[in-house]
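Keep the structure open while reading.

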Amino acid sequence: MRKPLVAGNWKMNSPDESSKTLLENILHDSKMLDSILKEQENASAIDIALFPPSVFLREAQEILTGSNLHWGTQNVSAYDEGPYTGEISASMIKNFGCDYVLIGHSERRCLYEKLELDQFVLDQIVAEKYTMATRHGLSPIICIGETAEDYEAGKTEEVIARLLDVLIKHQGAKALSQTVLAYEPVWAIGTGKSATPEWAQEVHAFMRERVAQSDTETAESLRIIYGGSVKKENARAIFAKPDVDGGLIGGASLDVDQFIKICFAAALKEAG
Ligand code: PEP
């Protein structure tokens, strides 16, 4: 069985409480969640990862080291080192004790889109970052999703297949076993309009099948999480779907109560 993952993307938000307090509160409540789960027969263990802005990584490392929580960055450079102002390399990220890194989030892709780069070129950049992350022992969470325009035009599968094929071409399908895929329909991110559980399941099953065409074993073990307006109210129904292995949570990850309830929903996945 795949271990569910719940990832909290703080984006470029300063939490209402200080970042230190938010990290401490999430850690505290996640420990309470752990003890509840131990007593709950139908709950399974989950992974939780936090993605604060990089300026808070030192705090994350100090507060979370030795706990069950993981942390990571919201981006990584495609280069090892050099004159890349504003970028952070995979080895620097690793030095902060990070296990994960987000790659290809649509809120970053749209920065490149302003440069009017072709989507295929953007997918290549994502693949280069992916290669860099895995080379340094980081687990990438690679975000894929269609815009509202693509959705209306029925191009969801085309958009997703294009990136998956590029990733597979770069490192082979086996390398995806160190990776998490996040289906994040752009129209659902930060809009309050989540995908239905049925739609998420359909797209996740398509993604798994696409990887299975190259490697069935990797496809079976690959975690595919859903992101886009997940809240405590809709998490359980979305996570209950067989090919949904947890969630990438934006806005709700800044609210400890919401976030921990979403984690709880992921732990109850098998209960349906
Ligand atoms: C995200 O930032 O990846 C995200 C899914 O945001 P939200 O949960 O706010 O829609």
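**Ligand shell and a loop glutamine**

A backbone N or O atom of Ser229 sits 2.8 Å from an oxygen atom of the ligand. Taken alone, the ligand exposes 290 Å², and the protein buries 97% of that. The model is predicted.

**Ligand surroundings**

- The ligand is surrounded by 14 residues.
- Lys11, Glu184, Gly190, Ser229 and Gly250 are the closest of them.
- By class, the shell holds four nonpolar, eight polar and two charged residues.

**Backbone contacts to ligand oxygen**

- For Gly190, a backbone N or O atom lies 2.6 Å from an oxygen atom of the ligand.
- For Gly250, a polar backbone atom is 2.8 Å from an oxygen atom of the ligand.
- Ser229 also has a backbone N or O atom at 2.8 Å from a ligand oxygen atom.

**Gln74**

- Gln74 is placed in the loop between β3 (70-73) and α3 (90-95).
- A polar atom of the Gln74 side chain lies 2.9 Å from the backbone oxygen of Lys11.
- Lys11 is also listed among the residues closest to the ligand.
- The backbone oxygen of Phe51 lies 2.9 Å from a polar atom of the Gln74 side chain.

Technical notes
Residues are numbered from 1 along each chain as its sequence is written. This is a predicted model: local features need pLDDT of at least 70, side-chain atom pairs count only at pLDDT 80 or more; totals for chains, interfaces and linings use all residues. Side-chain values use heavy atoms; hydrogens and water are left out. A residue is near a molecule or strand if one of its heavy atoms lies within 4 Å of it. A polar contact is a pair of N or O atoms within 3.5 Å; within protein, one must be able to donate a hydrogen and the other to accept it, and residues adjacent in sequence count only if both atoms are side-chain atoms. Accessible areas come from the Shrake-Rupley method with a 1.4 Å probe; for residues, only the protein chains shown count as cover. Ala, Val, Leu, Ile, Met, Phe, Trp, Tyr, Cys and Pro count as nonpolar, Asp, Glu, Lys and Arg as charged, and the others, Gly among them, as polar. Helices (H or I, at least four residues) and strands (E, at least two) are DSSP runs, numbered from the N terminus.
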